[in-house]
Amino acid sequence: MSQQEFLETVMKEREYLDMKASAAFVRAQAGFGAALKTSTNPHFRSRYADLSACIEAVIDSLHKNGFALMQKTHECENGVAIETIFIHESGEQISGGIFRVPAGKQDPQGYASALTYARRNSLMAASGIAPEDDDGNAASKLKPAEKKMQIPAKVGGQDYFDKCDEQERALILDFAMEIEGAETDQAIFDAYKRAKQMLDTEQQTALWSKVSSQKRTAIKKIGQAKNAEKNTWTDVAQCDGKDAGSK
């Protein structure tokens with residue numbers, strides 16, 4: 001066999017293995033479930049899907065179709081980077097790409113929370129699953145007065161955040177990271193609005209303390225615009241003595 005024929009044979013075998021792994025992943029995904037929002041906390045007014053719920057949604061179907069789940073860490077300055085990889089029994093791998101998350105606090109606790117957040121969201125993105133949809137139902141049950149947005153009066157939530165348990169801190173940081181990841185003022189505002197519907201007053205104040213001044217300014221900017229349209233917002237200029245600017 002010539003070298004050219006040998007290379008062509010190897011390439012065909014590789015293509016076959018790629019197709020075999022891809023076909024197996026299609027079958028596996030058909031068996032994935034929704035990530036059930038089973039985690040609760042006495043402080044919460046809602047449920048959320050934690051990392052274990054996301055793994056439970058996919059692991060059985062992955063194993064039945066010849067896949068192992070691996071989440072690999074990568075170098076990441078001031079945060080964590082996770083790559084979700086599905087390893088097929090043929091030897092082929094399917095990667096979901098690298099998902100980077102900044103640590104909300106530069107200490108072991110902050111990095112642990114960021115790691116949990118990154119693993120959960122990287123897995124959901126790579127596998128194509130989503131949490132069960134009960135957010136709309138929860139929001140529809142709020143009384144009209146509860147639907148009005150009121151930005152926390154001051155940035156003083158660090159004390160409350162420090163005394164939270166790990167699950168509550170993770171939830172607050174989840175919302176903070178969603179806000180920080182939004183690129184436009186409207187997207188930032190929408191992310192904050194979703195968080196407000198899910199958190200109680202103390203949690204909202206803790207969240208506000210975890211949002212950068214740039215994002216707080218964007219939120220207040222939209223709030224001022226809405227306040228000008230109709231009187232449904234509190235005076236955003238009183239939100240934070242450090243960040244509030246004159247109208």
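Colleague: Hi! Which residues in H8 meet which residues in H10?

Modeller: Hello! On the H8 side they are Asp185, Gln186, Ile188, Phe189 and Tyr192. Their counterparts in H10 are Lys215, Ala218, Ile219, Lys221, Ile222, Gly223 and Lys226. Keep in mind that this is a predicted model.

Colleague: Thanks. How do the residues of that contact divide into nonpolar, polar and charged?

Modeller: The contact of H8 with H10 has six nonpolar, two polar and four charged residues.

Colleague: And at what angle do H8 and H10 pack?

Modeller: Helix H8 covers residues 185–198 and helix H10 residues 213–229. They pack at an angle of about 90 degrees, and their axes are 9 Å apart. H8 and H10 are therefore roughly perpendicular to each other.

Colleague: Let me step back a bit. How many helices and strands does the protein have?

Modeller: There are 10 helices and three strands. Along the sequence the pattern reads α-α-β-β-β-α-α-α-α-α-α-α-α.

Colleague: OK, on to the sheet. What order do the strands take?

Modeller: The order is S1-S2-S3, in an open sheet of three strands with antiparallel pairing. S1 and S3 are the edge strands, each pairing on one side only. Neighbouring strands in this sheet are turned by 20 degrees against each other on average, ignoring direction.

Colleague: What packs on that sheet?

Modeller: Helix H3, residues 108–127, packs on the sheet and touches S1, S2 and S3. The direction of H3 makes about 35 degrees with that of S2.

Colleague: Is S2 mostly covered or mostly open?

Modeller: Mostly covered: strand S2 runs over residues 79–88, and nine of its 10 residues are buried.

Colleague: Over how many bridges do S1 and S2 pair?

Modeller: S1, which is residues 67–74, pairs with S2 over eight bridges in the antiparallel sense. As an example of who faces whom, Leu69 stands opposite Phe86 in S2.

Colleague: How many bridges are there between S2 and S3?

Modeller: Eight bridges join S2 to strand S3 (residues 93–102), and the sense is antiparallel. Phe86 turns up again there, standing opposite Ile94 in S3. Ile87 stands opposite Gln93 in S3, and Ala81 has Arg100 in S3 as its bridge partner.

Colleague: Now the turns. Which residue takes a positive phi in the hairpin of S1 and S2?

Modeller: That would be Asn78, with phi near 65 degrees; the hairpin has four residues between the strands. Here the positive value belongs to a residue other than glycine.

Colleague: Which residue has the positive phi in the hairpin of S2 and S3?

Modeller: Gly91 does, with phi near 105 degrees, and that hairpin also has four residues between the strands.

Colleague: Changing topic: how many aromatic pairs does a search of the whole structure find?

Modeller: Five aromatic pairs come out of the search. One of them is Phe25 with Phe67, an edge-to-face pair at 5.8 Å centre to centre with 85 degrees between the planes.

Colleague: What parts does that pair tie together?

Modeller: Phe25 lies in helix H1 (residues 3–30) and Phe67 in strand S1, so the pair ties together parts 42 residues apart in sequence.

Colleague: Are Phe25 and Phe67 buried or exposed?

Modeller: Both Phe25 and Phe67 are buried.

Colleague: Which residues form the aromatic cluster?

Modeller: Phe25, Phe32, Phe67 and Phe86 form one cluster.

Colleague: Last one, for the whole chain: what share of the residues count as buried?

Modeller: The protein has 247 residues, and 40% count as buried. As for contacts between residues at least 6 apart in sequence, 62% join residues at least 24 apart.

How values were computed
Residues are numbered from 1 along each chain as its sequence is written. This is a predicted model: local features need pLDDT of at least 70, side-chain atom pairs count only at pLDDT 80 or more; totals for chains, interfaces and linings use all residues. Side-chain values use heavy atoms; hydrogens and water are left out. Buried means under 20% relative accessible area, exposed over 50%, partly exposed in between (1.4 Å probe, protein chains only). Helices (H or I, at least four residues) and strands (E, at least two) are DSSP runs, numbered from the N terminus. Two strands pair if DSSP finds at least two bridges between them. Axes are lines fitted to C-alpha atoms, for helices over the stretch in contact, and angles run from 0 to 180 degrees between N-to-C directions. Angles under 35 degrees count as roughly parallel, over 145 as roughly antiparallel, 65 to 115 as roughly perpendicular and the rest as oblique. Contact means heavy atoms within 4.5 Å. Ala, Val, Leu, Ile, Met, Phe, Trp, Tyr, Cys and Pro count as nonpolar, Asp, Glu, Lys and Arg as charged, and the others, Gly among them, as polar. Rings of Phe, Tyr and Trp (its six-membered ring) pair if their centres lie within 6.5 Å; planes under 30 degrees apart count as stacked, over 60 as edge-to-face and the rest as tilted.
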